[in-house]
Amino acid sequence: MKFNAVLLKKRWPFRSEDRQTRSHFGGEPGLPVGAQWPEVFFQGQWKPAHFLAQIDCADLPSISDRNLLPDEGLLAFYLLVGDDSDGPLCAVRWQRESFAELKPRKPPLALEAILTRTHSMDSEWINEQQFGFVPIELVALETHRCPVSDLPARPNREEVQKCHA
């Protein structure tokens, strides 16, 4: 079996010690002290981006082409949410610093709120500046590639499934 992808699997339910994990969705990113919060360029100005996830490169499993990814450090993913753009605007940052040099950072006040739904019965909408913390495990996964040339410009589900059969 040839593993060629990494599945980001959430740990659920997670325990209190999972808060210390270095690979997670949401919550607060680890940034070097004094580092600027990541931004994306949109409509002629730089805007702070929402933290999406971070991955501890040392925990990446063995997959084909693993040598294309760093062996150490942290990959962090940021996304501009809430602006009327034609598509997602994102920033990916690789931080070489040791984890002892990285400190959890709250989002800047200038970051626009994202809309999230509460977990209460009444499902009211609330404004928050960050996604909720979810620890993840990095799992090697085998996928079957489908040449893009085999798919129409806007494939539907059946066409994609047929290509992977």
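Colleague: In what order do the six strands of the open sheet stand?

Modeller: This is a predicted model, in which local features need pLDDT of at least 70, side-chain atom pairs count only at pLDDT 80 or more, and totals for chains, interfaces and linings use all residues. Residues are numbered from 1 along each chain as its sequence is written, and side-chain values use heavy atoms, without hydrogens and water. Strands are DSSP runs of E, at least two residues long, and helices are runs of H or I of at least four, both numbered from the N terminus. The pairing in the open sheet is antiparallel, and the order is 1-12-2-6-7-8.

Colleague: Which residue in strand 12 stands opposite leucine 8?

Modeller: Strand 12 covers residues 134-141 and runs antiparallel to strand 1. Six bridges join the two. Opposite leucine 8 stands leucine 138.

Colleague: How many residues of strand 7 are buried?

Modeller: Buried means under 20% relative accessible area, exposed over 50%, and partly exposed in between, with a 1.4 Å probe and protein chains only. Strand 7 spans residues 74-80 and is mostly covered. Of its seven residues, the buried ones number five.

Colleague: Over how many bridges does strand 7 pair with strand 8?

Modeller: Strand 7 is also joined to strand 6 (residues 50-56), by six bridges. There, glutamine 54 has alanine 76 as its bridge partner. With strand 8 (residues 89-95), tyrosine 78 stands opposite alanine 91. That antiparallel pairing runs over bridges numbering seven.

Colleague: Which side chains of strand 4 point to one face and are buried?

Modeller: Side chains alternate along strand 4 (residues 39-42).

Colleague: Which residue takes a positive phi in the hairpin of strand 4 and strand 5?

Modeller: Strand 5 covers residues 45-48 and pairs with strand 4 in the antiparallel sense over four bridges. Valine 40 has lysine 47 as its bridge partner. Two residues lie between the strands, and the phi is near 50° at glutamine 43.

Colleague: What is the volume of the largest cavity?

Modeller: A cavity is a set of points, on a 1 Å grid over the protein atoms alone, where a 1.4 Å probe fits but cannot get out; lining residues have an atom within 4 Å of a point. The whole structure holds one cavity of 30 Å³ or more. Its lining includes Trp37, Phe51 and Gln130. The volume is about 30 Å³.

Colleague: Is glutamine 130 buried, partly exposed or exposed?

Modeller: Glutamine 130 is found in the loop between strand 11 (125-128) and strand 12. Leaving aside neighbours within four places in sequence, glutamine 130 is in contact (heavy atoms within 4.5 Å) with Gly27, Glu28, Pro107 and Ile114. Its relative accessibility is 24%, so glutamine 130 counts as partly exposed.

Colleague: What pattern does the chain follow along the sequence?

Modeller: The secondary structure comes to one helix and 12 strands. Of the 165 residues, 30% are buried. Read along the sequence, the pattern is β-β-β-β-β-β-β-β-β-β-β-β-α.

Methods. Two strands pair if DSSP finds at least two bridges between them. On a 1 Å grid over the protein atoms alone, a cavity is a set of points where a 1.4 Å probe fits but cannot get out, and a pocket is an open set with protein on both sides within 12 Å along at least five of seven lines; lining residues have an atom within 4 Å of a point. Grid points are joined across faces, edges and corners, and a volume is the space filled by probe spheres set on the points.
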